[in-house]
Amino acid sequence: MCYGIVWADIMGVKRFAFTRKIEDDGSYSSKDEAHAGIVFCTGISPLSTEKSEKEMETYVNEILKALSDRSKFEILSYIKDKRAYGSELAKHMGLTTATISHHMSALFTCGLVELSKEYNRIFYRENKKAVEEVLDYCRKVLLEE
């Protein structure tokens with residue numbers, strides 16, 4: 001359930017195209033196009049520092065839903081002490097890179113992973129602060145500590 005939270009997630013080129021038109025005299029005219037845009041996400045914001053009790057409950061519920069998927073949980077366990085890139089995760093998990101990308105997108109949206117880019121690879125690492133925040137909340141609510 002979203003409580004009206006919307007944030008900018010990614011900004012980048014969405015389409016790049018070359019257009020060629022043949023003129024009446026047989027010559028070509030061309031136009032290069034680039035479209036940039038921002039992808040807006042709804043749901044929980046991993047960037048907020050202060051959350052109300054209701055927002056925190058929603059945040060924890062979304063994370064627990066994500067972690068209820070065995071693959072996502074195993075991926076997060078694998079990157080808890082090291083960083084890994086998509087192909088490495090796919091090989092380790094026995095999944096396709098497209099499936100890993102899907103899982104990593106969900107984990108990133110929840111704020112459970114951090115990204116870093118080196119050359120043409122995106123490396124993923126567990127966001128320990130987010131995991132600790134969720135565990136502390138569960139401990140508080142479920143164990144009254």
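User: How much accessible surface does the protein have, in Å²?
Analyst: Good place to start! This is a predicted model, in which local features need pLDDT of at least 70, side-chain atom pairs count only at pLDDT 80 or more, and totals for chains, interfaces and linings use all residues. Residues are numbered from 1 along each chain as its sequence is written, and side-chain values use heavy atoms, with hydrogens and water left out. Accessible areas come from the Shrake-Rupley method with a 1.4 Å probe, and for residues only the protein chains shown count as cover. Carbon and sulfur atoms own 53% of the accessible surface, and the total is about 10,200 Å².

User: What percentage of the residues is buried?
Analyst: A residue is called buried under 20% relative accessible area, exposed over 50%, and partly exposed in between (1.4 Å probe, protein chains only). The protein has 145 residues, and the buried share of them is 28%.

User: Which residue in strand 5 is the bridge partner of Ala 84?
Analyst: Strand 3 and strand 5 (residues 121-126) run antiparallel and are joined by two bridges. For Ala 84, the bridge partner in strand 5 is Tyr 124.

User: Which residue in the turn between strand 4 and strand 5 has a positive phi?
Analyst: Strand 4 and strand 5 pair in the antiparallel sense over six bridges, and Glu 114 has Arg 125 of strand 5 as its bridge partner. The two strands form a hairpin with two residues between them, and the turn residue with a positive phi, about 55°, is Tyr 119.

User: Which residues does Leu 89 contact, leaving aside its neighbours within four places in sequence?
Analyst: Contact means heavy atoms within 4.5 Å. With those sequence neighbours set aside, the list for Leu 89 is Ile 75, Tyr 78, Ile 79, Ala 84, Ile 100, Met 104 and Tyr 124.

User: How many residues apart in sequence are the parts that Lys 140 and Glu 53 tie together?
Analyst: A salt bridge is a side-chain nitrogen of Lys or Arg within 4 Å of a carboxyl oxygen of Asp or Glu. The structure holds eight of them; in one, the closest N and O atoms of Lys 140 and Glu 53 are 3.6 Å apart. Lys 140 lies in helix 5 and Glu 53 in helix 1 (residues 53-67), so the pair ties together parts whose separation in sequence is 87 residues.

User: About how many helical turns separate Arg 70 and Glu 74?
Analyst: The side chains of Arg 70 and Glu 74 form a salt bridge at 2.9 Å, N to O. Arg 70 counts as exposed at 65% relative accessibility, while Glu 74 counts as partly exposed at 32%. The two sit four residues apart in helix 2 (residues 70-78), so their separation is about one helical turn.

User: In which strand does the salt-bridge partner of Arg 83 lie?
Analyst: Arg 83 meets Glu 118 in a salt bridge of 2.8 Å, N to O. Arg 83 is in the loop between helix 2 and strand 3 (84-85), and Glu 118, 35 residues apart from it, is in strand 4.

User: Is Leu 143 buried or exposed?
Analyst: Leu 143 lies in helix 5 (residues 128-143). Its relative accessible area is 55%, so Leu 143 is exposed.

Key
Two strands pair if DSSP finds at least two bridges between them.
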